[in-house]
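Subject: Structure handover

Hello,

Here is the structure I promised to pass on. Please open it alongside this email.

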Amino acid sequence: MAKFMAALKRTAPWAARNADGAIALGLAIVVGVLGIMPDEIFGEEGDVIQRQLVTAATLVILALVATALLRDRARQAPVEKTITSGALAELPVRLARLEEIEVLAHSTRRALDALQLVRVLGSKQEIAQSHAEARRDTTRWSFKGGTGTYLRAITLPECVAAARRDKRHLTVRVEIIDPTNLEVCETYAHYRRSLSDVPDGTGETWTTDRVMKESYATVLAAFWHRQRYRLLDIEVGLSSTMTTFRWDLSTTRLIMTVEDPNMAMTALADTFYYENCDTELRLSFEQARRVPLEMYKKVPLGDEPTIEEVQELFERIGVPLPRTYNGRDVVDIARKALRAVNPYQS
């Protein structure tokens, strides 16, 4: 009896909250019982009485079920109104705020990139990736450095190939060591040997003769590419002083490398450092001796320049080859110009 009373106490609150459903359930049980009882229990007219009871109870059950449905709908109406008039109505506003937050995050990132004037690159792979990103879709390139070996091997051919593929204009400005200035060539060669006396990625060590040939080769490469792509505007300046840095500047970023192949610095366009380095390169180029590349039509070069073509080119542009150079030296310059080896390859 105690267990029955305890169970009754537990079910009483539920039955009170769901009275209509509980009554309908009870009546359904009663109707079920009446339906299976023998007709004799109800007397002579037991069959009629049984059907009347079942029908009446069924109608009551249907009424209770309808009442329960109406009550549930009445309860849900405020919730639906809150959802439709509240959260859903505010959804466009919230989406607009999310878009504003996204724009703000993008602007914040650009601001942080601008504040971070220079980012250090710490591996060959990272430096190569940065160069590849700088070359992508660029319309201009400025270089200042030693002899432009990497420029001839990778930068200039790939930039010209991309510009030709897209049929767009490309402006290139190059400042290198003057190969006719023996003093600066000796200084640069001594500096490179003092850092490392083993061959670099090209398999060669740095000597005064190599410095001269590498610079001559960059001049020859500039004429060769200019003659083959008319949308290329290229200028070459020859400097009487050397620098320990190499600057590569495209429309999107600046990369400054040193002799350590695993260390470099980069800055994005529109930053303080990028803009000032751009100004520095312009002013430095104006002080260099200009190579008359406008003469590219007067000294045509074959796909494989001959010794005579190379010699005539340098004579006519006022950058003569040393008198001690023979045919083998000229062939070496042509090879470096058109088949330069990446000095930073492993």
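Below are notes on the sheet, the helices, the pockets and the cavity.

Ground rules come before the findings. This is a predicted model, so local features need pLDDT of at least 70, side-chain atom pairs count only at pLDDT 80 or more, and totals for chains, interfaces and linings use all residues. Residues are numbered from 1 along each chain as its sequence is written, and side-chain values use heavy atoms, with hydrogens and water left out.

**The sheet**

Eight strands form an open, mixed sheet. Their order is β1-β7-β6-β5-β2-β3-β4-β8. Helices (H or I, at least four residues) and strands (E, at least two) are DSSP runs, numbered from the N terminus. Two strands pair if DSSP finds at least two bridges between them. The edges are β1 (119-121) and β8 (289-290), each pairing on one side only.

β1 pairs with β7 (residues 264-268) in the antiparallel sense, over three bridges. There, L121 has A264 of β7 as its bridge partner. β7 also runs antiparallel to β6 (residues 253-257), with five bridges joining them. I255 is the bridge partner of T266 in β7. A hairpin of six residues leads from β6 to β7.

β2 (residues 140-144) and β3 (residues 170-177) are a parallel pair, with five bridges. F143 stands opposite V174 of β3.

**Helices on the sheet**

Contact here means heavy atoms within 4.5 Å. Axes are lines fitted to C-alpha atoms, for helices over the stretch in contact, and angles run from 0 to 180 degrees between N-to-C directions.

α5 packs on the sheet and touches β2, β3 and β4 (232-239). Its direction makes about 170 degrees with that of β3. α7 (residues 208-228) packs on the sheet as well, touching β3 and β4. The direction of α7 makes about 160 degrees with that of β4.

**Helix pairs**

Angles under 35 degrees count as roughly parallel, over 145 as roughly antiparallel, 65 to 115 as roughly perpendicular and the rest as oblique. For residue classes, Ala, Val, Leu, Ile, Met, Phe, Trp, Tyr, Cys and Pro are nonpolar; Asp, Glu, Lys and Arg are charged; the others, Gly among them, are polar.

The axes of α5 and α7 cross at roughly 10 degrees and come within 10 Å. That makes the two helices roughly parallel. On the α5 side, the contact uses T149, L151, R152, L156, P157, V160 and R164. On the α7 side, E214, A217, T218, A221, H225 and R228 take part. The contact has six nonpolar, three polar and four charged residues.

α9 (residues 307-316) and α10 (residues 327-338) pack at about 80 degrees, axes 9 Å apart. They are therefore roughly perpendicular. I307, V310 and Q311 of α9 meet G327, V330 and V331 of α10. Four of these residues are nonpolar, two are polar and none is charged.

**Pockets and cavity**

Both terms rest on a 1 Å grid over the protein atoms alone. A cavity is a set of points where a 1.4 Å probe fits but cannot get out; a pocket is an open set with protein on both sides within 12 Å along at least five of seven lines. Lining residues have an atom within 4 Å of a point. Grid points are joined across faces, edges and corners, and a volume is the space filled by probe spheres set on the points.

The largest pocket holds about 410 Å³. It has 29 lining residues, and I127, Y150, N342, P343 and Y344 are the closest to its centre. α4 (124-135), α5 (149-166), α6 (182-195) and β5 (246-249) each supply at least two of the lining residues. α4 gives the most, with five. The lining divides into 12 nonpolar, 10 polar and seven charged residues.

The second largest pocket has a volume of about 280 Å³. Of its 17 lining residues, R192, S196, D200, E259 and P261 are the closest to the centre. Its classes are seven nonpolar, four polar and six charged.

There is one cavity of 30 Å³ or more. The largest cavity has a volume of about 40 Å³. S142, F143, K144, R173, E175, L281 and F285 line it. β2 supplies the most, with three residues. By class, that lining has three nonpolar, one polar and three charged residues.

Best wishes
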